[in-house]
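Please examine the sequence and the structure shown below before reading on. The paragraphs that follow move from the chain as a whole to a few individual residues.

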Amino acid sequence: APFNQAEWAQEDPGSENDHVIYPRLTAPVFRDLAVNSAMPLGTAVYSQWMSVNEGDFAPTPLHVDSFTLRQAPVATAAGAQYLRLAARAGAAFEQFETERSEWTPRTPYRQMVAASSRFTSATRGGVRSLEEARWPKRIRRLLRSFDEVAGTLVQRAVPPTDLTSSSLAAWNSRFTEAAERGAAVAAKLRLALGLPGAGPSYHR
């Protein structure tokens with residue numbers, strides 16, 4: 001597959017239920033960013049927020065080829081509403097991604113269909129909830145684009161009936177392509193709501 005993602009990550013050491021207290025750091029500055037030997041465009045950079053020591057930090061918008069970290073803003077009422085309404089669909093997508101990554105032509109078809117049905121039901125319910133809520137006009141326009149890509153994703157979630165290595169690979173490729181387009185649209189929507197462009201749901 002083509003390489004289409006580069007990321008920097010900083011993690012809190014320790015075990016899952018016993019994290020080390022994160023040290024107090026001066027604001028780091030990241031300069032000379034380059035992807036494929038070129039400066040990345042700001043529109044192609046999706047932020048995630050980092051929670052440490054009971055606080056949240058967010059990257060600043062990309063300026064030329066650098067950024068730093070700052071205290072994350074408090075989620076707006078619209079942003080909090082989006083996270084609440086989209087939470088179930090987001091969790092269903094993550095679960096579906098985990099399940100389909102383990103499928104082979106020998107996986108029982110009924111198991112695939114059941115997982116697809118759960119994902120489809122949660123996605124349609126999430127889209128319906130978002131459509132029924134009140135939003136600013138700018139967010140409403142972005143939601144229409146989000147609805148379109150979500151519809152495509154649901155259509156492509158149905159696994160092929162004739163399971164072979166090639167048919168499964170082709171189906172996975174089509175679904176992944178739709179998921180990537182959906183992630184790009186969702187990132188624009190989240191950023192417009194003052195939320196991180198990607199990553200786990202943010203609660204505050």
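**From the overall chain to single residues**

Of the contacts in the protein chain between residues at least 6 apart in sequence, 62% join residues at least 24 apart. This is a predicted model, and every value discussed here is computed from it. The protein chain contains 4 helices and 6 strands. Read from the N terminus on, these elements follow the order β-β-β-β-β-β-α-α-α-α. The chain has 204 residues, of which 35% count as buried. Its exposed surface comes to about 13300 Å², and carbon and sulfur atoms supply 53% of that area.

Is Phe-57 buried, exposed or partly exposed? Phe-57 is partly exposed, because its relative accessible area is 28%, a value that falls between the 20% limit for buried residues and the 50% limit for exposed ones.

With a relative accessible area of 64%, Asp-32 is exposed. The other is Val-64, in the loop that lies between strand E5 (55–59) and strand E6 (67–71). Here too the residue is not glycine, yet phi is positive, near 60°. Val-64 counts as exposed because its relative accessible area is 53%, and the cut-off for that class is over 50%.

The helical part of the chain supplies a further case. Helix H3, which covers residues 137–155, includes Asp-147. What is the nearest side chain of opposite charge to Asp-147, and how far away is it? It is Arg-140, at 6.4 Å. A salt bridge requires a side-chain nitrogen of Lys or Arg within 4 Å of a carboxyl oxygen of Asp or Glu, and Asp-147 has no salt bridge even though it is buried. Leaving aside residues up to four places away in sequence, Asp-147 touches Val-127 and Glu-131.

Notes: Residues numbered from 1 in each chain as written. Predicted model: local features only at pLDDT ≥ 70, side-chain atom pairs only at ≥ 80, totals over all residues. Heavy atoms only, no water. Buried < 20%, exposed > 50% of the residue type's maximum accessible area, 1.4 Å probe, protein only. Helix = DSSP H or I, 4+ residues; strand = E, 2+ residues; numbered from the N terminus. Contact = heavy atoms within 4.5 Å. Areas by Shrake-Rupley, 256 points an atom, 1.4 Å probe, with all protein chains shown as cover. Lys, Arg positive; Asp, Glu negative; His and termini not counted.
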